[in-house]
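Please give a short report on this protein chain.

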Amino acid sequence: MAEYLKLKNVQNWGAEAFEKISSNIPKDEKGLKLDVGVQDVQYTEYILLEQLESCAGILDKAERYEVIGELYKLIIPIYERKREYEMLQKCYQTLSQNYGKVVDVNKSGKRLLGRYYRIGFYGQAYFEEENGIEYIYKEPR
């Protein structure tokens with residue numbers, strides 16, 4: 001959508017703006033060509049904002065808090081230009097909460113998947129039939 005809006009001169013950034021979120025996005029999305037015969041898809045800045053905010057919610061659920069700041073760097077200038085102060089307030093509140101989560105995650109060292117441990121039993125004299133068997137244990141997140 002961002003690349004489409006850039007090609008339509010609605011905004012001055014496209015897929016390259018997502019480089020810090022994922023280096024694959026610009027590589028995969030830069031080749032967009034506008035087809036003058038197809039008029040059934042009309043993306044707007046409003047639809048892009050909805051999608052970006054939806055992405056922010058998904059990134060929060062995925063505990064990818066550091067990336068949310070990069071996403072809001074795309075959202076906030078649009079709201080500033082439109083003078084949507086309530087939405088700006090919500091954006092900054094969300095950013096504050098998410099950066100708080102970044103601090104908490106960095107202090108605790110725990111992330112989405114918890115921690116995994118490989119336990120191996122070695123020694124015929126001690127473990128008999130379990131000698132040489134390895135188990136993977138997962139710590140709850």
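## Cysteines

C55 is partly exposed, with a relative accessible area of 34%. C91 is buried, at 2% relative accessibility. The cut-off for buried is under 20% relative accessible area, so C91 falls below it. The structure holds 0 disulfides. All of this comes from a predicted model.

## Overall layout

The protein chain has 6 helices and 2 strands. Read from the N terminus, the order of elements is α-α-α-α-α-β-α-β. The chain has 141 residues, and 25% of them count as buried. Take the contacts between residues at least 6 apart in sequence: 48% of these join residues at least 24 apart.

## The nonpolar core

In soluble globular proteins, nonpolar side chains tend to be buried together. Here the largest nonpolar core has 25 residues. W13, F18, L52, L71, Y72 and I75 touch the most other members. Four helices each supply at least two residues: α1 (2–7), α3 (45–61), α4 (65–82) and α5 (85–108). The largest share, 10 residues, comes from α4.

I75 shows how the packing works in detail. Leaving out residues up to four places away in sequence, I75 touches L49, L52, E53 and C91. L52 is, like I75, among the core residues that touch the most other members. C91 is the buried cysteine described above, at 2% relative accessibility.

## Helix α4

Even so, α4 has a kink of about 30°, centred on Y72. Y72 is also one of the core residues that touch the most other members.

Which residues of α4 are buried? They are Y65, V67, I68, G69, L71, Y72, L74, I75, I76, I78 and Y79. An α-helix has 3.6 residues a turn, so residues three or four places apart point the same way. The cover over the buried residues of α4 includes α3 and α5.

Most residues other than glycine have a negative phi, and most peptide bonds are trans. E63 sits in the loop between α3 and α4. R83 sits in the loop between α4 and α5, just after α4.

## Aromatic pairs

How many aromatic pairs does the structure hold? There are 4. A pair of aromatic rings is described by the distance of the centres and the angle of the planes. For Y4 and Y43, the ring centres are 5.4 Å apart and the planes stand at 85°, so the pair is edge-to-face. Y4 lies in helix α1, and Y43 lies in the loop between α2 (24–29) and α3. The pair therefore ties together parts that are 39 residues apart in sequence.

Are the two partners buried or exposed? Y4 is buried, with a relative accessible area of 11%. Y43 is partly exposed, at 33% relative accessibility.

Ring pairs also link F121, Y135 and Y137 into a cluster.

## Strand β2 and I133

Strand β2 covers residues 133–138, and I133 is found in it. I133 is partly exposed, with a relative accessible area of 32%. Setting aside neighbours within four places in sequence, I133 is in contact with I119, G120 and F121. F121 also belongs to the aromatic cluster with Y135 and Y137. How far apart are I133 and I119? They are 14 residues apart in sequence and 8.5 Å apart in space, C-alpha to C-alpha.

Technical notes
Residues numbered from 1 in each chain as written. Predicted model: local features only at pLDDT ≥ 70, side-chain atom pairs only at ≥ 80, totals over all residues. Heavy atoms only, no water. Core = buried A, V, L, I, M, F, W, Y, C linked by side-chain atoms within 4.5 Å. Buried < 20%, exposed > 50% of the residue type's maximum accessible area, 1.4 Å probe, protein only. Contact = heavy atoms within 4.5 Å. Bend = angle between axes of the 7 residues up to and from the residue. Disulfide = S-S within 2.5 Å. Phe/Tyr/Trp six-rings, centres within 6.5 Å; stacked < 30°, edge-to-face > 60°.
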